[in-house]
Each structure stands twice: as C-alpha cells, then as structure tokens.
Amino acid sequence: MSTTTSSRGRRRAPTRMERAAGKAAALQKPRVILALLLLLGLTSVMLLDGYLRAEVGGDQRVRDGASGSKVPDKILNGGPIISFRGGQATTTSVPAKTIALTFDDGPNPTYTPQVLKILEKYDVPATFFVVGSMVSRYPSIVADMVDQGNEVGIHTFTHVDLSYQSDARIRREMTQTQLALAGAAGITTTLFRAPYSSETDAIDNYSWPVYEKLGEEGYISVFVDTDSDDWKKPGVSKIVKWATPSGTSGAAVLMHDAGGNRDQTMKALPAYIEKMKAKGYTFTTVSGVLETQNTAARAGRQANAPAGATGGQLQGVNQNGTDRLQAAHREATGTTLYEGKALVAAVAVAEWTVPALSVGLVIVGVAVMGRFGMMLILARRHYGQRNRRRFSWGPTVTRPVTVIVPAYNEKECIANTLESLSRSTHPIEIIVVDDGSSDGTSEISREAARALGMTNVRVIRQENAGKPAALNNGVRNASYDIVIMMDGDTVFEPDAVHQLVQPFADPGIGAVAGNAKVGNRDTVIGAWQHIEYVMGFNLDRRMYDLLRCMPTIPGAIGAFRREAVLQVGGMSEDTLAEDTDITIAMHRAGWRVVYQEHARAWTEAPGSLKQLWSQRYRWSYGTMQALWKHRKSLTDKGPSGRFGRVGMPLVVIFQIVTPVFAPLIDVFTAYSMIFVDFQAALYAWLAVLGIQLVCAAYAFKLDKEKYRYLLMMPLQQLAYRQMMYLVLIHSCITALTGGRLRWQKLKRTGEVGTPAGAGR
C-alpha cells in the first residue's frame, strides 16, 4: 500500500477519503473525455450543416466587363462545350435541330422530382449540373436522376464563383462534389459548369485559368447557347421563347430546377419540349453531343482518361454503354465510394440533428425566459412579504442552539470560522467534528478557541468517514433542539445565527436556508461566482420559498430542527448532495423549509477552474442522485406528493434540463453569426444578455450588493457559463453511465473573513 507524509514528517497510510478520491479521479477522466467528444461531435455537425448552406467567404462574382484578352479567340467564338486534349483546348457545338437541355443549381426536393417526371413523360434526357451540398442533402433525388438515364455534372459544392478562389478552394469544391455524387449515386463525372457562367464569349482573364486547370485534370466545361432566364420569372411564354434557338440551330439550353421559385419553369418545360419536338428537334445530353460530333475522339478520351480527374476521384471508364453510366459518368469505387457514403451519412445526421436542435432551442428559450419571469415576479412578491412591517415568524427565538462545523483538513480556514462564531449575538454551542484530518485541524481549533476565550467549543475527532458522517456525529452530540450546519471554510456575520433561527418560532418549520455569499470576490473567478450566487441561488431560493418547495439547504449556512433531522434518518451517504437529499426528505416528511435572506454567511469560493469544476460537478451530480432517490414522491400523496409534483419538476426543468440544453443558445448564436446573419445574431445575443442583466441587477438590489460586479457579466456569459454547461453535461454522462464520488476537499486559502459593512 502506498503511503503519504504527514505534517510531522511521519509516513502514514492514505485515508479512506484519499483512496476514494484517487479512484474517483481515475473513473471520471473517461467521462470528461466523453463529454468533450459529445461537444466536439455537436460542433462538427453544426459546422457541416452550415458549410452545406454557404461556405464562409469568397463568394464574389466576376465583375461584368472584365477583359478576355488572354482567352483564345477559338474559345470565345466557339461552341459551348470545351474539352482539353494534349494541353490544347477545343470546342464542340451542338448539331442542328438538337437540344442539349441542361438544368442548374439542383437537386431541389420540390422541383427536381417534377422535372424528372416531365422528362420521363416525354422520353427526354437532360444534363443536370448539381451543387454538391444539395446532392449530399438529397442523395435519393440524384440517384433517381441517374437511374432515369440523365447525366450529371458538377456545379461546385457551395455554388461559389471559382474565378477568384485559391487552387486549394477550387480542388475542395470539385472533390467534395465528386464525393457527394459517389455517395448518392455511386458515380463521379467529368462534366463541369461554373456558377455564374453563360456563353463562351463571356469567359475572361479571371475565369479562363480555372477552366484550363480543370481541363488538364480531365474535366469538360459546359456553357450555354440559349438561356431561358427562368430565374427572372418572366412568365411561361417568355421562358419558352428565350429558350428557343433561332432557325434550325442546335443549342445547349439553360434552365433551373432550384435556386428559388421555379413554378414558371415547371409549366414552361412541357410546353417547350412539345414545341421543339414539333419543330423536328431531338433532345440529348452533353455526352450525346460529343458522341454525335466525334465518336472517335470520345473513344480516345475514354482510353486516355486519367485514373482520377481530381486526384483520383474520376474512376472506371464506362465500357458497358448502359443508360445509367453515361459517357461522362465514372463508376465510383474503393475509397471514393466509401468516403462518399460517409459524407452522405454525416450530412443525413446533420440534416436531422440541426432541425431537432432548433426545436430544442425554442423550448429552451421559452424555459429560460419563463424562469427569468418567474424569478422576477416571485422574488418581488417574496421581498414584499418578508419586509412588511408586521411580518413575524412568531415569538422571538432566544434559546441556545448548536452550531456543527464538519472539518476535513481546514487548517487555513477553521480559525477564521471560529472567530466569526465568537462574535455571534445569539447564544450557541459549537461542535467541530474533525473527519480524520491530517493537517492538525483539531489542534488548531482548540488553540483558536483558547485564544478567543471560547468555552462553548467542543472538538470531536473521528476516523475519516465523509461529511455526512461528520454531520450526523455532530447532531448526535448536540445539546439543543436546533442545529446549525456550516462549512469549515465559512464565516458568519454576527447576527447570522439569530436571524437564521427565527423561523423556528413556527413549529411547522423543519429547516431554514441562509444567504451564502462569496467572500473572495475580488478575483475574476470569484466575481463570476458572486454574480451566480446572488442572481441564481438567491433569486431561485426566493422563488422556491414562495412556492414552498425549497430543494436545497446550502451546506455553508443552514439550520435544522434536530427532531426533523433524526426523523428522516439524518444526513444520508446515498448521494453527493447530502444537503439536497435531506431537504427533499424533510419536505416528504411534512416539514416546511424556508429561506431567511437576512442570515448571511461568507464562504470561500474555489479559486481555480479545476477546483470550481470539481465542486460544481459534485453539486450537479449529487442533485441528480437526490432527485432519483426521491423519485417516488411524484406519485406519493400528501406533503411528499406535493413536493414531487411541484418542486421536483421545477428543479428538473430549471436546474438540469434547461442548463443542459442552454448551450444551444450560444451554439446557434455562433452558427448564425458565421453562416446566417452576423448582425441579427449579435443583436439577439445582446438582447438575451440584457434580460439576464436586468434580472441580475434586480437580484443585486434585493441583496443590497454593489452593482460594479455586474461589469463582469458579459465575460461571465462568454467563458464561465460555458464551463458550467460542460460540468453539467459531464454530470449527466456520469449519471447515465454510473459512478460514485465521496466528499471532495477543495484547496482553501483562508483569506475570507467577514467584510466590514458586508452586503452593503
């Protein structure tokens, strides 16, 4: 067995507490990693979904009037199909009385199936230049498109103008679209049409290098002869007219099956097909044009096609001449096929997740706003009740009470704690229960009591057994019927005990929650916790007090009727949150639990993020344990059932469910700032922050706190709150996977004393 060195230099065996802490640390690490992986997964899904809709930056269009001086004349004056062989660019025109019908910007779940139905009805093939992000979102439509004998080409992944993009961005746009096609239909393609392109005479010095580069990689760039301009929604007759070539000329005709309202296009398409067939025209694909014009050239291109037109993406030259594998199509195999299927699967997850999260966001938003509203209204009502001139709990309680101080290695703080109790205006006895400390806490307690002339202090030393056992030991040895429990790192204001015990004038009250405040609030972490204590904890307690379902008596300052503690079996070791556990048990036993805001205690909040994580993890996980332990109260009758049907739902909604999903607000804010509307998202986030600031300011007013600490609130929302979310997610994972922790000792400095003019 390993040993540790005591404060006197002797070797000793580690305590049960230390052994348990070591085991707990080992068990929690995988759960922390799992929590972080879940967060990373959610972030990745959100980023993927945003990327599918619009990649960040670089979507400029080529400006009209740009020079084409570097573009060969044969290209500017040639046909709409540009291919490259041996580094030389050649153009191909559509034969007379032939229509190469093309559609851009799809697939679209509303219009593309309509187009396919019309094409099937008239036995007309077409070439669809698809956007990769849409392919990955609607893969089944593309599969139907290909199975029907139509041809597909690339229209980039995010419909970005490639003219001003880096080589890496161009390669990414092409490769990702090829993967989407592989995952959707099991093919890749050699056809490409650039977004915002039109006829070949519009090619300029900015865009030509892109076509050259892609041509060298095996791509065939496709332009148009006749543009229907259906995106302008000019009416059915004009769409048909503008799509019709002059005389008997052949044409590559452009229409759209996505990108906006295409109802006019759906009406114009059958009319156009009927008109052109009546004029003796035939319909073909882009590959059909190339095959008709130069079968030998096409065969040569197939034989010499590179293994992959985009770094290995274009594979498997068509040999069987089936309708499904058009001449431009390549069968996707190997890595390309599996990566494509993985992309489509990931997009399917994103397509389901993001809408679900959106619904969750609405629910969370309503819950958060509802909580703020309830806290403000009920806190105001509570404040009014408690400050009425004639309000009284009953006859003034003046009899002595017992203060129990459980202590485990509290050498830095215990003297300050006893000094604060020595100034109590109410008669007390003090029991310090040393839970197997190894730092001399017992000796320091006795020496401090002697130095302060305190004859009402008893120090009980027990083998290390945990905080609940220490508290129960104190209750058993208490001389009086009211016991006050406090932490060994907490200091009381002089009148705290007197204020805390006054509600016991009402014989129905079994426990009283005091007002715990952060003493070391002059650090950034301390200031954040100070805001949280005043706004969250104390506003919540006012609300719960008024609803008569107080869920927790804080360990830093709480008072109990000894009879009630013994009746419910004392402090339980079943959960990490023994304070929540016993509070709920008292409700179920019929005792009333109230909040006394005038009883103030000052506690030392964790001074590091690691310590803070440890503390809040124990709190949140312990609360979940306590709620699960008392779940039968949901169906009980009487006082137990009242808490189960009123208090437990509120705690679950406001302290577990809402905080767990509250990160959606921040996640969607970041998502909207990046992918939707930065300004609108920023204003929405500031509006939520403003509401929280109003609530916090009101809480500070009720507690007579200084408003200057609220200056830290924006930073708290950006940093501190995110950490609290992660802690809660970590706790939920622990609750789902199982786990058990014991009383965790935080590192203290002993710097907290009762401030002069505290709380003013």
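**Close-up views of a predicted model**

Residues are numbered from 1 along each chain as its sequence is written, and side-chain values use heavy atoms, with hydrogens and water left out.

**View 1. Helix H17 packs with helix H20.** H17 covers residues 524–547 and H20 covers residues 609–629. Helices (H or I, at least four residues) and strands (E, at least two) are DSSP runs, numbered from the N terminus. The packing angle is about 25°, and the axes are 11 Å apart. That makes H17 roughly parallel to H20 (angles under 35 degrees). Axes are lines fitted to C-alpha atoms, for helices over the stretch in contact, and angles run from 0 to 180 degrees between N-to-C directions. Which residues of H17 meet H20? They are Ile525, Gln529, Glu532, Tyr533 and Phe537. From H20 come Leu609, Leu612, Gln615, Arg616 and Trp619. Contact means heavy atoms within 4.5 Å. The residues of this H17 and H20 contact divide into six nonpolar, two polar and two charged. Ala, Val, Leu, Ile, Met, Phe, Trp, Tyr, Cys and Pro count as nonpolar, Asp, Glu, Lys and Arg as charged, and the others, Gly among them, as polar.

**View 2. Helix H13 packs with helix H14.** H13 spans residues 414–422, and H14 spans 441–452. They pack at about 35°, with axes 9 Å apart. Their crossing is right-handed. Ile414, Ala415, Leu418, Glu419 and Ser422 of H13 meet Thr441, Ile444, Ser445, Ala448 and Leu452 of H14. By class, the contact of H13 with H14 has six nonpolar, three polar and one charged residues.

View 3. Proline 107 sits in the loop between strand E5 (98–104) and helix H3 (112–122). Most peptide bonds are trans.

**View 4. Aspartate 229 has a positive phi.** Its phi is near 50°. Aspartate 229 is in the loop between strand E11 (226–227) and helix H8 (236–243). Lysine 233 lies in the loop between E11 and H8, and its phi is near 50°. Is each residue buried or exposed? Aspartate 229 counts as buried, at 17% relative accessibility. Lysine 233 counts as partly exposed, at 45%. Buried means under 20% relative accessible area, exposed over 50%, and partly exposed in between (1.4 Å probe, protein chains only).

Key:
This is a predicted model: local features need pLDDT of at least 70, side-chain atom pairs count only at pLDDT 80 or more; totals for chains, interfaces and linings use all residues. Angles under 35 degrees count as roughly parallel, over 145 as roughly antiparallel, 65 to 115 as roughly perpendicular and the rest as oblique. A crossing is left-handed if the near helix is turned anticlockwise from the far one by less than a right angle, and right-handed if clockwise.
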